[in-house]
Amino acid sequence: MCTVIKGISTSLAYLEQVWQHMARLPSIDPNTRTLLICGYPNVGKSSFVNKITRADVDVQPYAFTTKSLFVGHTDYKCLRYQVIDTPGILDRPIEERNIIEMCSITALAHIKAAVLFFLDLSGSCGYSIEQQAALFHSIKRLFMNKPLVIVCNKIDLQPLEGLSEEDMKLVMDMKAEAIKSVVAQGGDSNDEGVLLTMSTMTDEGVIAVKNACLFHVAIPKPRDTKERPPCIPPAVLEAGAKDNAEKRLEELERVEGFCVETEADVDFEMDGKKLTEEEEALLAEIRRKKKLLIQEHRMKKSTAESRPIVPRKFDKDKKYSSDRLGRELSSLGIDPTAAINRVRSRFLSRRGHKHERSLGREDEAGEAMDVDDEQSNKKLRARSRSRSASRSRSKSRPPGEVAPGEGFKDSAKKQKAIKIAKKSVKGFVNQTCPSNWLKPTRHDLSKTLLLGGGAAAVNLWFAALRDVDLWFVARRDPVETGETRRRVHEGAPLSFLLGKWRGQGEGGFPTINSFAYGEELLFSHSGKPVIAYSQKTWKLASGEPMHAESGYWRPKPDGSIEVVIAQSTGLVEVQKGTYDAESKSVTLKSELVGNASKVKEITRLFKVVDGELSYVVQMATMMTSLQPHLKALLKKV
């Protein structure tokens, strides 16, 4: 599988480049309402798109700032429109137009949209009105069967009325062509909305141009002259009329205080006697005021739809109080004492005994509060005792006791697991010879798990491994000087590379110019069978840093070597090769070049002759074969 992938790596790299290019293309919906903006470079197309949409197109004072299509979106009368900004077009034959201009030509030819042709009346774009009119007539065949609007921009520098007769005639000719396109779409021949003026600098007329253009896009084209009135089923009409009647009735109830529910006329008696006419009139007045209060409460409640209903929150000025109730009943000739006492008793029952104590039973309240304090103190003491007891139990738990969540079946299984864990590290505490130590094996772990231990058994096993590693680190020689490291590599096959090398080199490639540079290489080791490698280069004239890389070289006894190098450019090399201690040479070839879109292969050849280190680097890309890239001659310092 790896061989197959390596064989088609070139094709896969090409597909990745195509995918990246397609990902950068804008997402254009060909079936939605679209505005397409075109014209000469630097006439204000991108500025207009930034004004009316949420797009962020780069605007600069030089030509061809926009090099591809940019899409923005805007809303008009609850409908979504897409606005496409195209690169500038020059008036020249189509075979001479570049790729940037062909993006605009292709969009005009294939996208169904309303076209906005922008004119710069001031000529500050670098092109006169005559040149812009020539471009309009050369591409007007691309406007066929599409709504067309001529937009005169930069009127803050040159108003439309201030143009010369020749320029005004050119503008009117373009307007006539735009009216023809509107008539072909079924519009009015007297439409004045095909020629609009604005200034993106002062925002004058920008919104008017946007609304007029979107209106042209939204013009429906009649299919024929036949009238087709809307067809609504009678059941739907009846249901709508019924809903409207119910809503109207509810509105009347809220506004005028009417009550739809009929109340049965029941003879009201008091102490077995019928009410007199005066008493019935007073009762009717009370009922009417009650209904009005209910309706007023409903209205206030309806204005706070998203708020929770909390009693008396809306009555901040406290208009509905017991004092007012007493005054109202007194004005009607009724004794309010019983009603006020009943309201206050209900208030106390809702708020609890605390308010009840505040009405004059201070002694009882004091006793009750003392009782509550004693009870709360007892609860706190009991809770603290339980917590301290639980802490003491957790601290004094014997090692064999199974705690909840440890995963052991009983204490015997836990004791057995602890014994195996201790046995696995037996022999290390005596600091015996390092060649005789044995780490806990996989058999020990499986045996521990079979005893019924879960996560806790695994933790014990890994604790044993950690103790072994700590012991081994402690047994290493703490005093390891540079002389010791030098003795480790004395006579090693790559000892001829150790040290610092400095000199000059030169580079080149078929796709770049040749250059010279200064360089420093450093090969070092730390007592392990691996060599640390670092390199840095600089410009000879100024001393400015150019390139840097570092990595590790790992030689093997069979004459092979593995190298990993990380470059400052983000490129990573994994190389394999061979070394020859007698000829003092190292040959490397890349097995993998990571994070490189174009580099395919790199080879390196190092050789030491007469105390001088020379190397040659060759490189192959997707478009070139293996070519010389770098070479240098360095001396040890």
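Analyst: Hello! Two strands pair if DSSP finds at least two bridges between them; helices (H or I, at least four residues) and strands (E, at least two) are DSSP runs, numbered from the N terminus. This is a predicted model, where local features need pLDDT of at least 70, side-chain atom pairs count only at pLDDT 80 or more, and totals for chains, interfaces and linings use all residues. Residues are numbered from 1 along each chain as its sequence is written, and side-chain values use heavy atoms, without hydrogens and water.

User: Which residue in E14 stands opposite Ile565?

Analyst: Let's start from the two strands: E13 covers residues 560-567 and E14 covers residues 572-580. They pair in the antiparallel sense over seven bridges. Opposite Ile565, E14 places Glu573.

User: What share of the residues in the protein chain is buried?

Analyst: Buried here is under 20% relative accessible area (1.4 Å probe, protein chains only). The protein chain has 637 residues. Buried residues make up 30%.

User: Among contacts between residues at least 6 apart in sequence, what percentage joins residues at least 24 apart?

Analyst: A contact has heavy atoms within 4.5 Å. Among the contacts in the protein chain between residues at least 6 apart, the share joining residues at least 24 apart is 51%.

Conventions: Buried means under 20% relative accessible area, exposed over 50%, partly exposed in between (1.4 Å probe, protein chains only).
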